[in-house]
Amino acid sequence: MDLKEEDILGADIGQHWYYRSKAAALRRAVAGINPQRLLDVGAGSGFFSRHLLAETGAQSALCVDIGYPSDRDEQVAGKPVLYRRDCAMTDCDLVLMMDVLEHVDDDRGLLRRYAAKVPAGAHFLVTVPAFGFMWSGHDVFLEHKRRYTLGEIEVAMRDAGLQIVKGAYYFGLVFPLAAAVRLASRRASEPKSSLKKHGLLTNSLLSAVCAAELPLFPVNRLAGLSAFVLAYKR
């Protein structure tokens, strides 16, 4: 999860249309596997794992991020959330990598590293920003290394030894508008986030648009702002 975006939105992150909608898509993506113990890699505040603890039957979360100043323990809905700078072998059955792989030089190496820490059968849910032609000052600001097509991130995960279950794009309905804005501002590539705080009306409208897309989300392999891939360790 991008810490710079968390800094922009602060305590309002749970109300922002983008994060509300992404959390709903995550919930749908993992609903069929009923995860119990979460390993959230590059977790930041742990927004997504905390959401799953509050809204699903998941029972615990281990949030790992090298940016933590120290280890600490918290609870969400009476369930433990452990914040650690690193972790050893674990019995977690779902590994979350929410907008993480685009930040590292060796995406396959990071996947292999955490695949080695979890048991066979553990699932991985990965999200990454989609399409190289959408590159802009937003990516520079967030210190991204690349953007991916759905096929590219699936190949990376297979190369790391994971078996793909399903992949799809999300934020497809807002994609044409976002693409038009990004392409119109390509010449202005100075580092600047395109994420902004919005009022109640805008957040409600865009949240409704994204909610309307959810029924089609599992089969959308055409276009979107984010690529979601669910896989498992053989």
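The crossing of helices α4 and α6 is right-handed, and it is described here from a model that is predicted. Two packed helices are described by the angle between their axes and by the distance between those axes.

**Helices α4 and α6**
- Helix α4, which covers residues 107-115, packs against α6 at an angle of about 50°, and the two axes lie 8 Å apart.
- An angle between 35 and 65 degrees falls in the oblique range, and α4 and α6 are therefore oblique to each other.
- From α4, the residues Asp 107, Arg 108, Leu 111 and Arg 112 meet Val 155, Ala 156, Met 157 and Asp 159 of α6.
- Sorted by class, this contact of α4 with α6 holds four nonpolar residues and four charged ones, with no polar residues.

**Helices α2 and α8**
- Helix α2 (residues 17-30) packs with helix α8 (residues 200-213) at an angle of about 25°, their axes being 9 Å apart.
- Because angles under 35 degrees count as roughly parallel, α2 and α8 are described as roughly parallel to each other.
- The contact involves Trp 17, Arg 20 and Ser 21 on the α2 side, and Asn 203, Leu 206, Ser 207 and Cys 210 on the α8 side.
- Three of these contact residues are nonpolar, three are polar and one is charged.

**Glu 154**
- Glu 154 is found in helix α6, which spans residues 150-159.
- Its relative accessibility is 5%, so Glu 154 counts as buried, the limit being under 20%.
- Leaving aside residues up to four places away in sequence, Glu 154 touches Ile 164, Gly 167, Arg 221 and Val 229.

How values were computed: Residues numbered from 1 in each chain as written. Predicted model: local features only at pLDDT ≥ 70, side-chain atom pairs only at ≥ 80, totals over all residues. Heavy atoms only, no water. Axes fitted to C-alpha atoms, helices over the stretch in contact; angles between N-to-C directions. Helix = DSSP H or I, 4+ residues; strand = E, 2+ residues; numbered from the N terminus. Parallel < 35°, antiparallel > 145°, perpendicular 65-115°, else oblique. Contact = heavy atoms within 4.5 Å. Nonpolar A, V, L, I, M, F, W, Y, C, P; charged D, E, K, R; others polar. Buried < 20%, exposed > 50% of the residue type's maximum accessible area, 1.4 Å probe, protein only. Left-handed = near helix turned anticlockwise from the far one by under 90°.
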